[in-house]
Amino acid sequence: MILKTTIALSLHPMNTQRILLIIAAALFLGISITGGSGCANIIPPAGGPRDSVAPILLKASPLDSTLNFQGTRITFTFDEYVELQNVQQELLISPTPKYPPIVDYRLNTVTIRIKDSIEANTTYTYDFGNAIKDINEGNVYKNFKYTLSTGPYLDSLEFRGNVILAETGKIDTTLIVMLHSDPTDSAVVLSKPRYVTKLDNKGNFVFRNLPPRTYYVYALKDDNNTRRYFDDKNLFAFADSAVLISPSTQSVTLYAYANPAAQTASPRTAAPGQPIGRPRGGNQPDRRLRFITSLVGEQQDLLGNFTMSFEQPLRSFDSTKVSLRMDTTFTPVTGYSIVKDSTNKNLVMTNTWKENTVYHLILDKDFAEDSTGKKLLKSDTLTFGTKKLSDYGKLKIKFRNLDMAKNPVLQFLISGTITKSIPLAGPDLSVPLFFPGEYELRILFDENRNGKWDPGVFFKEHKQPELTKPIDRKIIIRPNWDNEFEIAL
């Protein structure tokens, strides 16, 4: 009856088209929600695109670049709910406050509550880095900086530079750069810096909103967020002289270095040596002296030393109870030497190896004893061969623009590890035998001519580290081949 009445009321010519559209829509909806069995078949709405937009700052209270600030609270309001991540590491405040502020978030706001007494006539910068992100998708509000002044103007001077790793010539973007106003060396240990900034992805840094004062510049690997230089095994760099901040201040390059930690020598290519003796039965402790050798596939490199590396330092070693022989005739070899290194865990044999030759290293059971009293259970012989000359390639490199006054040393690297260093006597290098492989190259400027890179010394001496220059190309040494290259520096 209701349907009839509705239709009757709608028979006016102007409403006829509307009625037909309503009926068609009803039929369409009926088809969409009913199946052959008459049950509802609900079709969920299609999902929209993923939110990839970072939060948008709607308001800062007080406004950015505010002057004569005397408050204790700063609030940022965003267009969506946000949260903070790693704020202790990401947030840099300059000048560095004595007491860090309380920074928290709630819904779509981030609040800074200042605990320290702010300095008069000072420009403060809050660099959040990548600390702020939205809650739903984790989109980061990148490199957010906020500035205010407690005086009548904003400091506007800038200071720029970059940091390079002295040993490799590469960069480490995790370092921070610090400005100290205290000229004493101890300031980097005892005091927090006046200003701090981070490196960009190219190793560059910039300080903004600085006053016209004199500062001492340092860079530091600061994993513990202390802003202090406690450990000389951490990367550190210093400028040679103080920097007066002014409109004409020149950029500086800092060379970071770390004093290498004492490491136990161990050949990278070492393969397990054969255990000497047989294990004893029962629960008796294993008293065998164990070691590994530098052999690769039971072959000795013609250009290298033979090394035996032990699990424990050696208490005693008798070189007269070691004998090197060769060929099937076991002919004694003369002119070789075998000595312990400074760790007492490695025996290094130096010899002029013959190509494609079988050698036998005869070890008396009493030739060595480690600090736990382990010795060989019986005398034994290690048999190995040497490589062929055809396993190596000839190498010739001609350098252009090589500065010989800096005592250049050519370093060959595989996977970042130095495999060979050659002091250069001139622009042309010729090596009759070179181990095949793909090598990175770099030039070490060896000031003291000791053939290796030396770190800097900051305290008292203020000695900068030796520098290296990476060569922007790799070379491939092929076996049994004349490998010739020309390299412009």
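## Nonpolar cores

A nonpolar core is a set of buried Ala, Val, Leu, Ile, Met, Phe, Trp, Tyr and Cys residues joined through side-chain atoms within 4.5 Å. In this predicted model, the largest such core has 25 residues, and those touching the most other members are Phe 306, Met 308, Phe 310, Trp 353, Leu 361, Leu 363 and Phe 367. At least two residues of this core come from each of strand E22 (306-310), strand E24 (322-326), strand E27 (346-350), strand E28 (358-363) and strand E30 (380-386). Another core, of 24 residues, lies apart from it and includes Leu 175, Leu 179, Leu 254 and Ala 258.

In soluble globular proteins, nonpolar side chains tend to be buried together.

## The surroundings of Phe 367

Which residues does Phe 367 touch, not counting those up to four places away in sequence? Leu 289, Met 308, Phe 310, Ser 316, Phe 317, Asp 318, Lys 321, Val 322, Leu 347 and Leu 376 are its contacts on that count.

## The protein as a whole

The protein holds four helices and 37 strands, and 38% of its 489 residues are buried. When contacts between residues at least 6 apart in sequence are considered, 67% of them join residues at least 24 apart.

## The surface

The accessible surface of the protein comes to about 28300 Å², with 52% of that area belonging to carbon and sulfur atoms. On this surface, Val 53, Ile 56 and Leu 58 form a nonpolar patch, and together they have about 290 Å² of accessible area. Val 53 is placed in the loop between helix H2 (13-33) and strand E1 (57-61).

Note on methods
Residues are numbered from 1 along each chain as its sequence is written. This is a predicted model: local features need pLDDT of at least 70, side-chain atom pairs count only at pLDDT 80 or more; totals for chains, interfaces and linings use all residues. Side-chain values use heavy atoms; hydrogens and water are left out. Buried means under 20% relative accessible area, exposed over 50%, partly exposed in between (1.4 Å probe, protein chains only). Contact means heavy atoms within 4.5 Å. Accessible areas come from the Shrake-Rupley method with a 1.4 Å probe; for residues, only the protein chains shown count as cover. Patches are made of residues with over 30% relative accessible area and no salt bridge: like charges are joined within 9 Å, nonpolar side chains (Val, Leu, Ile, Met, Phe, Trp, Tyr) within 5 Å. A salt bridge is a side-chain nitrogen of Lys or Arg within 4 Å of a carboxyl oxygen of Asp or Glu.
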